[in-house]
Amino acid sequence: MAQDSWPKPDPANSNKRTVDDWQFERMAAAYSYDGLIGLPSDLPVIYADSSAMQVKIRPGKSGYARGHYWVSDPSATDTVSIGANSSGSTRVDLVVLQLDRSTWSVDVAVHAGTPGSLAPPPTRDLDGTGVYEVPLAEVTVPNGASAISAANVVNRGWYLSPTGLILCTASTRPPAVFGRDIMQLDGKGYRAMADGTWRITLEDTGEVPITVTNTGWKTSVGAQPYVRRVNGEVDLRTGELERASVLLADNRSYIYEVPKGFRSNVYRNIGAYQDGGYACDVVLTPIATTNGDPPNTVMVRGHSNAIAAGASLRMHNIHYPADDLS
């Protein structure tokens with residue numbers, strides 16, 4: 001196979017350089033991510049207002065698809081029709097920026113879904129023919145619908161910062177392409193790994209206090225329990241608890257629930273002892289349990305001596321990876 005390169009001299013004028021559309025795409029896509037121009041806090045590009053079986057495109061919006069620049073009408077609101085649904089089941093369509101290589105133009109298009117299923121994935125042909133799609137929104141189309149309401153449209157578009165970093169929310173993350181970096185609106189930084197997953201690289205929730213929900217226990221002064229997550233790893237400061245008023249004679253008592261975003265998929269043992277040095281079996285229960293334990297809970301599952309009212313329960317702090325990142 002002969003070597004090739006482009007741009008190359010125009011046969012008719014050696015002072016000019018030319019590329020065709022496919023050559024341009026291969027050059028531009030290598031250093032231009034897909035996405036919208038702006039911020040995740042901007043009003044969504046696609047919306048609806050119950051006016052008809054359609055969605056609307058906000059004026060003056062712009063973005064990229066495989067290196068091709070797209071811009072909506074700067075002064076008028078365009079509309080895109082949504083097909084009728086008489087299937088008997090709800091349908092979810094995907095609204096996309098679509099590069100159509102038969103015309104080499106980028107336009108907003110509707111990728112119709114299958115009734116009774118989730119929204120279809122975007123089509124991403126990469127061989128110089130077909131179409132390439134970048135998600136903008138999901139549109140729920142109820143059976144027999146006569147109009148699309150605002151609540152039927154969910155934003156799925158992500159944004160490009162001036163430096164090229166992708167800005168998004170938890171519900172608008174782009175596909176995980178190895179080595180790609182993104183920043184979520186809530187301050188989490190991610191990097192795509194070789195296994196096709198996002199891994200947190202920058203995050204600090206700060207100290208999040210935990211409320212003791214079982215009235216049989218109370219927090220000792222200056223020993224408030226809290227959790228903190230840094231780059232996907234959780235520190236649980238378990239706190240010092242005091243038995244509130246009633247003797248704990250049995251061997252099972254939950255104390256408090258760990259907040260969403262700081263939970264574990266497995267049991268975590270917590271070293272603990274009570275007044276007099278008696279050992280206690282304390283655990284952090286997983287997100288789902290199979291033996292009736294309350295999920296997401298720090299609980300006493302056993303102790304060598306009944307815990308009297310007013311007695312203290314001292315627990316070691318623990319560190320573990322969060323399994324319900326959100």
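This is a predicted model: local features need pLDDT of at least 70, side-chain atom pairs count only at pLDDT 80 or more; totals for chains, interfaces and linings use all residues.
Local features need pLDDT of at least 70, side-chain atom pairs count only at pLDDT 80 or more, and totals for chains, interfaces and linings use all residues. Residues are numbered from 1 along each chain as its sequence is written, and side-chain values use heavy atoms, with hydrogens and water left out.

A nonpolar core is a set of buried Ala, Val, Leu, Ile, Met, Phe, Trp, Tyr and Cys residues joined through side-chain atoms within 4.5 Å. Buried means under 20% relative accessible area, exposed over 50%, and partly exposed in between (1.4 Å probe, protein chains only). The largest such core holds 35 residues. Ile 46, Val 55, Val 108 and Ile 148 have the most contacts inside this core. Strands that each supply at least two of its residues include strand 5 (54-57), strand 9 (91-100), strand 10 (105-111) and strand 11 (131-141). Strands are DSSP runs of E of at least two residues, helices are runs of H or I of at least four, and both are numbered from the N terminus. Strand 11 gives the most to the core, with 6 residues. Contact means heavy atoms within 4.5 Å. Beyond its neighbours within four places in sequence, Ile 46 is in contact with Val 55, Lys 56, Ile 57, Val 95, Val 108, Leu 136, Ala 137 and Val 153. A second core is separate and has 26 residues, among them Leu 236, Ala 272, Met 315 and Ala 322. In soluble globular proteins, nonpolar side chains tend to be buried together.

Strand pairing was assigned next. Two strands pair if DSSP finds at least two bridges between them. Gln 98 has Asp 107 in strand 10 as its bridge partner. The hairpin of these two strands has 4 residues between them, and Trp 104 takes a positive phi near 55 degrees there.

An open sheet of 8 strands runs in the order 7-6-3-13-14-15-16-17, with mixed pairing. Strand 7 and strand 17 stand at its edges; each has a single partner strand, so one side of each is left without a neighbour in the sheet. Within this sheet, strand 14 and strand 15 (residues 181-184) run parallel and are joined by 3 bridges. Cys 168 stands opposite Gln 184 in strand 15.

Another open sheet has 4 strands in the order 18-20-21-28, paired antiparallel. Its edges are strand 18 (208-209) and strand 28 (318-321), each pairing on one side only. Strand 21 (residues 233-237) meets strand 28 over 4 antiparallel bridges. Glu 233 stands opposite Pro 321 in strand 28.

Tyr 69 lies in strand 7 (residues 68-71). Tyr 69 counts as partly exposed because its relative accessible area is 49%. Together with Ile 37 and Val 71, Tyr 69 makes a nonpolar surface patch of about 280 Å². Areas come from the Shrake-Rupley method with a 1.4 Å probe, and for residues only the protein chains shown count as cover. Patches are made of residues with over 30% relative accessible area and no salt bridge; like charges are joined within 9 Å, and nonpolar side chains (Val, Leu, Ile, Met, Phe, Trp, Tyr) within 5 Å. Ala 28, in helix 1 (residues 21-29), is buried at 4% relative accessible area. Gln 274, in strand 24 (residues 268-274), is also buried, at 2%. Leaving aside neighbours within four places in sequence, Gln 274 is in contact with Cys 280, His 303, Asn 305, Ala 306, Ile 307 and Ser 312.

Charged pairs complete the picture. A salt bridge is a side-chain nitrogen of Lys or Arg within 4 Å of a carboxyl oxygen of Asp or Glu. The count comes to 15 salt bridges. Lys 8 forms one with Asp 4, with the closest N and O atoms 2.6 Å apart. Lys 8 is partly exposed, at 33% relative accessibility. Arg 91 forms another with Asp 93, at 2.7 Å between the closest N and O atoms. Both Arg 91 and Asp 93 are buried. Arg 263 and Glu 257 form a salt bridge with the closest N and O atoms 3.1 Å apart. Arg 263 is buried, with a relative accessible area of 17%, whereas Glu 257 is partly exposed at 40%. Salt bridges that share partners also join Glu 25, Arg 66 and Arg 101 into one network.
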